[in-house]
Amino acid sequence: MAELCDLPRLSEQTLADLPATVATPAYRLEDMRIGIVHIGVGAFHRAHQAVYIDDLLAAHPEWAICGVSLHSTEVRDALRPQQGLYTLQLLGEQSGLRVIGAIRELLCARDESAAVLARLADPDVRLVTLTITEKGYCLAGQDLDTAHPDIVHDLAHPESPRSAIGYVTLGLRRRLQLGLAPYSVLSCDNLADNGGRLRGAVLQYARRIDPALANWIEAHVTFPCSMVDSITPATDDALREHVANELRCRDAWPVQRETYAQWVIEDRFCNQRPPFQLAGATLSDDIAGYDRAKLRLLNGAHSTLAYLGSLLNVETVADAMQESLLAGFVERLMRDAIAPAIPLPDHLDAPTYIDAILARFRNPAIRHRLAQIAWDGSQKLPVRLLSTIAEALAADKPIGDLCLAVAAWMQFVRRQARNGVALVDPLADLLATVGLACTGDAVGDVNAFLQLDTVFAAPLSRDARFIRALQAAYAALADGTPASVSRTLIAAMRPVT
């Protein structure tokens, strides 16, 4: 790495000297005009939403981004000397590099609050987007957490906020005072009803500081929902070195993601919006349906791979997909058990979506460890698998394969407890107790797990059809060894005669 320090820095001046194999902005940077303020300018935003915008700027230069960090100066200090330019590496069988120029301004609210507020009050800004993680919304359940330290501060000092809620609201207040149209506020974090929850938090906050402002926001400002998806591994020194070797210049903070990306946006804006659909985003009124498809088909299959693959002593998702029995079972689970059991959005083609998921799982450039996917199973199983089982039972559809995935989690818990391996789970201690008490008897072991009310809620936990199917699946896995799992998968994949 020492010799790389002697290389020039990625910048507007070095763009022309980059190798032809590196894609560069298809527009003149000086022609771009900022139309979006994005709060939370981390790696996912720069690898995902900013890339969609970058695809639009040649024809729509009025939608460039001002990236705002609330507290950390790291992104600003890394990318401002590069005039906001950074490198994206797409990870696939044929990986490629691309320089992104969509972020034309970088600010840190902690020490540039006036500049952030001026940008929020800029009439050219018609959209504010956010990736701040669930914690950043300062919620307590569905409501604003008025005891949160940042919210306590902002309510006492609304003209010098610390939270995203405070900045969004103060920006709208400035626009109301100036007689300007409001901006739309688009959450890009993966939490259910993200737009609705953000709207609720802003309105609750605004009512405490200025009831008239709250009424104006309620009448005139929209908070569309959205759903985003793309695996974005963290930036490391290996990526920095690879980018430097390819570009022959240094990039302080490149990012990387898989080639697949999805962005579904509710088409409900109070001001103008970018033509997202031209960059490949999906405009839909059924964000909940797309969320459901991701949770059940993608995440449900992920958890199935994690537990069955771990029992087979496989390390990563891509490795698991090299196990033909397991890959075949997971594909059948999605096509025959999950997709027919759940309501899907009208314009989502299930076979095509499943094909894309399988291709992502097979991507050798993404080393997604099964052990990490297996974390927090007690929280994930209810939404990823048990909800599908409940809907399949309501429709009188088979649940055997779905129950095999759940039984694999039970066997995984049992194995980890027996081997003294700590679980990463909110119920880790309780699960370890249950796992250590397991004897291998399907009736007794399954019944012990079913007592975990936070995982197996009624009425599903008392449904005789579910209990029988789960006990049969658990018994089929026997001692949960690789040989037992393989035999179970062979039997599961035999055609029904």
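This dialogue walks through a predicted model, one kind of feature at a time.

Visitor: What should I know about the model before reading it?

Guide: Because this is a predicted model, local features need pLDDT of at least 70 and side-chain atom pairs count only at pLDDT 80 or more, while totals for chains, interfaces and linings use all residues. Residues are numbered from 1 along each chain as its sequence is written, and side-chain values use heavy atoms, with hydrogens and water left out.

Visitor: Which residues touch the most other members in the largest nonpolar core?

Guide: In soluble globular proteins, nonpolar side chains tend to be buried together. A nonpolar core is a set of buried Ala, Val, Leu, Ile, Met, Phe, Trp, Tyr and Cys residues joined through side-chain atoms within 4.5 Å, where buried means under 20% relative accessible area, exposed means over 50%, and partly exposed lies in between, with a 1.4 Å probe and protein chains only. Here the largest such core has 88 residues, and Ile39, Leu130, Val168, Ile217, Leu247 and Trp263 touch the most other members. Helix α7 (residues 194-209) gives the most to this core, namely 7 residues; helices (H or I, at least four residues) and strands (E, at least two) are DSSP runs, numbered from the N terminus. Apart from this core lies another, of 82 residues, with Ile357, Ala408, Leu423 and Phe449 among them.

Visitor: With which residues is Leu247 in contact, leaving aside its neighbours within four places in sequence?

Guide: Contact means heavy atoms within 4.5 Å. Once those neighbours are set aside, Leu247 is in contact with Leu10, Leu18, Pro19, Val22, Thr87, Leu97 and Val99.

Visitor: How many salt bridges does the count come to?

Guide: A salt bridge is a side-chain nitrogen of Lys or Arg within 4 Å of a carboxyl oxygen of Asp or Glu, and by this rule the count comes to 28. In one of them, the side chains of Glu159 and Arg174 meet at 3.2 Å, N to O. Glu159 lies in the loop between α5 (149-156) and α6 (164-178) and Arg174 lies in helix α6, so this pair ties together parts that are 15 residues apart in sequence. Glu159 is partly exposed, with a relative accessible area of 41%, and Arg174 counts as partly exposed at 25%.

Visitor: Are Lys294 and Asp229 buried or exposed?

Guide: Lys294 is buried, and Asp229 is too. They form a salt bridge whose closest N and O atoms are 4.0 Å apart, and this pair links distant parts of the chain, with Lys294 in helix α10 (residues 287-311) and Asp229 in strand β10 (residues 226-229), 65 residues apart. Glu258 and Arg360 also form a salt bridge, with the closest N and O atoms 2.5 Å apart; Glu258 belongs to strand β11 (residues 255-258) and Arg360 to helix α13 (residues 350-362), 102 residues apart, and both residues are buried. Salt bridges can also join in a network, as they do for Arg76, Asp77, Arg80, Asp111 and Glu112.

Visitor: How many aromatic pairs does a search of the whole structure find?

Guide: A pair of aromatic rings is described by the distance of the centres and the angle of the planes. Rings of Phe, Tyr and Trp (its six-membered ring) pair if their centres lie within 6.5 Å, and planes under 30 degrees apart count as stacked, over 60 as edge-to-face and the rest as tilted. The search finds 7 pairs. The rings of Phe269 and Phe276 have centres 6.2 Å apart and planes at 35 degrees, so this pair is tilted; Phe269 is buried at 17% relative accessible area, and Phe276 is buried at 1%. Tyr307 and Phe412 have ring centres 5.3 Å apart and planes at 55 degrees, so this pair is tilted, and it links helix α10 with helix α16 (residues 400-418), the two residues being 105 residues apart. Ring pairs also link Tyr52, Trp263, Phe269 and Phe276 into a cluster.

Visitor: Where is His48 found?

Guide: His48 is found in the loop between α1 (43-47) and α2 (49-56), and at 0% relative accessibility His48 counts as buried. Leaving aside neighbours within four places in sequence, His48 is in contact with residues including Asp229, Arg257 and Trp263.
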